[in-house]
Amino acid sequence: MVKRVPYTTAQTSRGCPFRCIFCTAPTFYGNKARFRSAAGVLEEIRILISLGYREIFFRDETFTAYKKRNIEVLETMIREKLDVRGLPNARADTVDLETLQLMKRAGCHMVKSA
């Protein structure tokens with residue numbers, strides 16, 4: 001999955017806003033989904049880049065569930081030309097063509113589905 005090394009993982013949310021009966025997220029994180037702000041996510045990305053990381057695997061249960069926040073993160077990554085690639089987790093019903101195109105422009109080369 002990883003194309004650029006060194007790589008690391010990051011988590012921008014805990015839990016999941018969905019209630020799939022087969023999912024273990026409620027066992028690990030409870031029934032409440034919590035997500036970090038765009039500013040907080042971007043700050044961590046900048047720190048990871050300064051440490052030399054070239055790729056980040058976002059370990060969120062469903063990274064793409066927070067569309068408004070993600071658009072801000074992705075547009076900033078593009079505008080600031082942040083040299084890092086991302087690998088997010090997604091549910092098919094939380095993405096659309098516009099978001100996928102924006103993710104690609106920001107450096108995402110793969111979307112992982114649970």
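Helix α2 passes helix α3 in a right-handed crossing, a term used when the near helix is turned clockwise from the far one by less than a right angle. This is a predicted model, in which local features need pLDDT of at least 70 and side-chain atom pairs count only at pLDDT 80 or more, while totals for chains, interfaces and linings use all residues. Residues are numbered from 1 along each chain as its sequence is written, and side-chain values use heavy atoms, with hydrogens and water left out.

**The helix pair**
- The axes of α2 (residues 38–50) and α3 (residues 67–79) come within 9 Å and cross at roughly 35°, where axes are lines fitted to C-alpha atoms over the stretch in contact and angles run from 0 to 180 degrees between N-to-C directions.
- The contact (heavy atoms within 4.5 Å) is made by A38, V41, L42, I45 and R46 of α2 together with R69, E72, V73, T76 and M77 of α3.

**The sheet**
- Three strands form an open sheet in the order β1-β4-β5, with parallel pairing, and strands count as paired if DSSP finds at least two bridges between them.
- The edge strands, β1 (7–10) and β5 (85–87), each pair on one side only.
- β1 pairs with β4 (residues 55–58) over four bridges, and F57 in β4 is the bridge partner of T9.

**Around I56**
- Leaving aside neighbours within four places in sequence, I56 is in contact with residues including T8, I45, L48, V84 and L87.

Note on methods: Helix = DSSP H or I, 4+ residues; strand = E, 2+ residues; numbered from the N terminus.
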